[in-house]
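Trainee: Could you take me closely through one part of this model, namely the way its chains meet one another? I would like a connected account that I can follow with the structure open beside me.

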Amino acid sequence: MDAAVPLAGAHDTHHHGPPEANRSSRVDPQLLGMLLFIISEIMVFAAFFTAYFFIRIVGENEWPARGTELPVLVAGVNTAILLSSSLTLHWAQTSVKNGNRFGLKAGMFTTFLLGATFLLVQVNEYVHIGFSPADHAQGSVFYGLTGLHGAHVFIGLLLLGVVTVRSFRGHFSKEEHRGLEIPGIYWHFVDVMWIVVYTTIYII
Amino acid sequence: MPVTLRQPGWSRASASMVLGLAFSYALSIGARAILGYDPLLDGESVMRIALISVPFFFLVGLGCFSYWFRWASGAPTVPEDHSGHGAKSWKSYFYPNTDHKVIGIQYVVTSFFFMFVGGLLAMLIRAELAAPGRQFVDSNAYNGLFSVHASLLIFLFIIPVFAGLANYVLPLMIGAPDMAFPRLNALSYWLLPVAGTMMMLSFFAPGGSFATGWTAYATLSNTAPLGQEFFTIGVQFAGASSIATALNFLVTIITMRAPGMSFFRMPLLVWANFSTSLLVVIATPFVAASQFFVLLDRSLGFNFFDHGQGGDVLMYQHVFWFYSHPAVYIMMLPGFGIVSEILAVKSRKPVFGYRMMAFSLLAIVALGFTVWAHHMFVSGMQTWIRVPMMVTTAIIAVPTGIKIFSWLATMWKGVLKLDTPMLFTMGFLTMFVLGGISGVMLAMIPLTIHVSDTYFIVAHIHYVLFGGSLFTIFAGVYFWFPKMTGRMYDEKLGKLHFWLTFIFFNATFAPMHVIGVQGMPRRVADYAEQFASWNLVISLAAFGTGISSLVFAYNMVASWRGGPRAESNPWRSLTLEWQVSSPPPIFNFDEIPTVVGGPYEYGVPGAVHGVFGGSPTTAGPGRRGPATTAGAPSA
Amino acid sequence: MGEERRGSRNSRTVVVEMFVIGTVASLAGIALGSAIEWFPAQASSQAGPIDTLWDVLVICSVPIFVGVVIVVVYAALLFRQRPGEENLDGPPIHGNTTIEIVWTVLPALLLVVLCVYAYVVLLDIEQKPAQAATPEMKIDVYGEQFAWTFKYAGANGKPFTTTQLYLPQDRSVKFDVHSKDVIHDFWVPAFRMKIDAVPGITTAYRVTPTKLGIYPVVCAELCGLGHAYMRQTARVLPTDAFDTWLEKESAEDNPPAGGKPVAGGATGATGGGGSDAAEGDAG
Ligand SMILES: [Cu+2]
Ligand SMILES: [Cu+2]
């Protein structure tokens, strides 16, 4: 095929860039994209909750499996850790909007640390919990849901890590902080999701 | 390091894949050492990790992620030089490109490649089934043939080819210079060859290709040989690709429409892809999850489907069909959009009941989520679920019926140009009605108890996906061929292609209704003597269908290379994609048009859809009808 | 438009003509639909209602299909672009609310009626026969790769297992279907009923065999390489012949997992040729 031919008789000044797209919505495209992505993510979790529902409710399996115990308290503390990371992230975000670089750096650093702590506690829980996903379906669901969430925390941490490094390098400003905003939404989603996971797995 | 290995491209991608393989070995051996498993080297585990990781190494090597890595690191990004935008020669099509038109063509050509592979597998299937007893493949290979056939044609042909066509025309139609996320768009495309190659390579896996059907029901898929994982993991890549594209479409449609293009001034193809994308974003994660479960069960000993440990076998089917029923609409709604476009243009009339056409799409989206268990009437699930699902399944025929009737009304009293796209559209109308009718029959539980898992189902799904989707795909490819290639296709060959396809398609699939009801189960390498004569007829007709697709292939290749040059608007269409040159300029528009009216105002005197730089675009200069029909004839 | 399009005809005549042709074609289609031998032998009391449902569905469907085809064909004949009309546009008709309501409501009503009818049929084929002379018989069906085995309660409380499915005429039989490995599907096309054999759960359906003969038993759910060969036979016997058989089988010393199935294609020997005998003699 021939290379695309510009419109005959077009103004030749237009060759080095596209025309500015019309903005037909007030919503920021990147924000909207992230929200749609989160809808997809919610549906992945929904599918895992379907498995949980079938195995626990429809299959009437004991929960947790006979002879096992879920560390409700430790996980509860861990929940608090993860939730506070959302707060520190918010602090970082408001700081950058106010031009407070210390708040940005400290906020990001704490957020990253809290997130990493959560993940470590989770791994530690796996090591000491006393059952494996291969033992019974309840174990599979437990590891499936917490593992799926853990994978999201891990990815979130990678994003936050980059943001943290960048904020220490002096990136982001009052005007331009989308590189912080978009991963932030994701992180908040991961936190909210954990509340749902924690409630269904540990509490109910 | 040589320059070629540092710059994104195929050399770096190849080297990167070798690296990925090494990584897979290291990870597998390392993990097994830490966990204390005995043979440190386990082929299956290496293969599994490689299936997941090598594609990423490939994509990184090819440069799909380069910009994001730079952006995330905060390194000063190169000011947009558009070096990766637009095709400079045919070679550009083999590299990631950010131009939606290049990506659209990449999509369409790649998916048609997979169509020919899938079609070839169908030929092998029919050769084996031409007579009872074993012809030339054993039953394991046979199960592999139909499994790969279905998986390729569903996940790598019908779903992506629609995404490809829409990728090309949708931004043009709504007056956008490109998609909202051009780099994500490029990545979406490159995930496809990855998924398709993986599925095809499964034939070389120890134990043969995956052979559990495209449905891959647990527990069969849990215990199948390694080839199964080429499906399990391949689907993840195909699914990720369609989610990313859908997200891209949604954001593009919502945020990048030309001034004046309200939702109810959008062409119905845009509406159709809007609805489809909603379905994809919401439903596709479920098929991903269903395959995650299988993968976890297979590789890490999870018990999602092990009933002895409390697992639930039927859960797989619920999760799978919660995606795969909507998937039928994912494979159909974009075709509805194509049909609406072509019928309006080729009948020279506005689409009848435009708003109802848009609303019925949304109704199908909503209802589509409430019917999944009609695939499970004989699965042994709780019996009470069946009746509500029967009712919703029947009701979903209402919005579909509205569309059919509206299309018929659109044609009525028009001035019908019976060229190839129109013939395929009209073929679609009649054949899809048959598929819809057998669909309503299948909603009726007592009948489904008898015909489920028989050739009646095979007939039904091929009337929907071949007589329905594929006919609209052909129609769309012919219709936009001039726009995409700048050349005209050969009308005579196009018509020949239509009639051959139409006749042989019916000869192939209509008899399947009969043998299905008579009691021939599907997915069998061998069958009882009583079905022999019909199967021979079906096989012969299937070969005819195969040959007819060669006419298409020849027409496309020859016309693309040497067809007459296309004008910018050969169909006298009003929609925006026809108001620019064929093929369109590299950035689509010199200046974003303003939309001042509906997209299908054919026959309305002086009607205008888009205005470019103050000059209204009618359906081509001086091509208005002499008597722009003010009143209906004899109305 | 001031003048009629060349070749266009009075619309009333056209509609009448279409209607007449449509009626004739529908009748022909329905006749063809009933002429085709769709179903295998009706060998159970469940077969009748299902086959009737099919007939009703065919009768409802043919006119719809014929109608669409006629409109498409007539549109192509009447309204195709003729030489000299290359620049002509059709009339700008955007819609018609009445007609749109009609084609929304009418199909919806038809579908609701069909659903109600199908529901009635469903209740009919699944209920336990009320006043049966003999109590319902229960047979456990075991699917495994790649054969069926059947466990009878037996005479004198001596259960036995066999690969031969023998059934008494005119007595309701309840199949409890189990799977030993993957999902299978227990289907006797002549009885019209089927259900998946699912590992971990017991599924069930009942039939009342009505017609003596030998019928194929088919696995309808893909279960692996021997799936196509997972074919056996069901024999419907007169009650006394069945009782004799049952007593004989119970008397034999059957191993609990008797009738060990042979894997793969070899099972063809058990029942591969069964379908030929579908219309076979009374056992
Ligand atoms: Cu469905
Ligand atoms: Cu089977």
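Mentor: What follows is a walk along the places where the chains meet, with some remarks on the chains themselves.

Please keep in mind throughout that this is a predicted model, and that the values below are computed from it.

Of the two pairs of chains in contact, chains B and C share the most contacts. Chain A and chain C, by comparison, are joined by no contact, and their closest C-alpha atoms lie 10 Å apart.

The size of an interface is often given as the accessible area lost when the parts come together. For chain C and chain B that buried area is about 7,900 Å², and carbon and sulfur atoms give 71% of it. Charged pairs also cross this boundary, since side chains of opposite charge can pair when their charged atoms come close.

Now turn to the interface of chain B and chain A, to which chain B brings 58 residues and chain A brings 55 residues. The area buried between chain B and chain A is about 4,500 Å², with carbon and sulfur atoms giving 69% of it. Across this interface the rule finds zero salt bridges, although there are twelve residue pairs in polar contact, again with both residues at pLDDT 80 or more. The elements that give two or more residues to the side of chain B that touches chain A are helix 4 (66–73), helix 9 (228–255), helix 10 (268–300), helix 11 (313–330) and helix 18 (455–485) of chain B. Among these, helix 10 of chain B gives the most, with eight residues. The residues on this side of chain B divide into 38 nonpolar, 13 polar and seven charged.

UniProt, in an unreviewed entry, places the feature "domain: Cytochrome oxidase subunit I profile" at residues 90–596 of chain B. In the model that span is 68% helix and 0% strand, and its end C-alpha atoms lie 37 Å apart. The peptide bond from B:Ala218 to B:Thr219 is cis, with omega near 10°, and B:Thr219 sits in the loop between helix 7 (182–201) and helix 8 (220–223) of chain B. B:Arg523, in the loop between helix 19 (491–518) and helix 20 (532–562) of chain B, has a phi near 60°, a positive value in a residue other than glycine.

Chain A, finally, has five helices and zero strands. Its radius of gyration is 22 Å, whereas a compact globule of 204 residues would have one near 17 Å, and its C-alpha atoms fill a box of roughly 80 × 50 × 30 Å along the principal axes. In the loop between helix 1 (29–58) and helix 2 (72–97) of chain A you will find A:Pro64, and the peptide bond leading from A:Trp63 to A:Pro64 is cis, with omega near -10°. A search of the whole structure finds 20 salt bridges over all chains. Within chain A, A:Glu181 forms a salt bridge with A:Lys97, the closest N and O atoms being 3.5 Å apart. That pair links distant parts of the chain, with A:Glu181 in helix 5 (residues 178–203) and A:Lys97 in helix 2 of chain A, 84 residues apart.

Methods: Residues numbered from 1 in each chain as written. Chains lettered and ligands numbered in written order. Predicted model: local features only at pLDDT ≥ 70, side-chain atom pairs only at ≥ 80, totals over all residues. Heavy atoms only, no water. Contact = heavy atoms within 4.5 Å. Buried area = accessible area lost by both parts, 1.4 Å probe. Salt bridge = Lys/Arg side-chain N within 4 Å of Asp/Glu carboxyl O. Polar contact = N/O pair within 3.5 Å; in protein donor to acceptor, adjacent residues only side chain to side chain. Helix = DSSP H or I, 4+ residues; strand = E, 2+ residues; numbered from the N terminus. Nonpolar A, V, L, I, M, F, W, Y, C, P; charged D, E, K, R; others polar. UniProt positions renumbered as here; feature names shortened; annotations may be inferred. Rg over C-alpha atoms; globule rule 2.2 N^0.38 Å.
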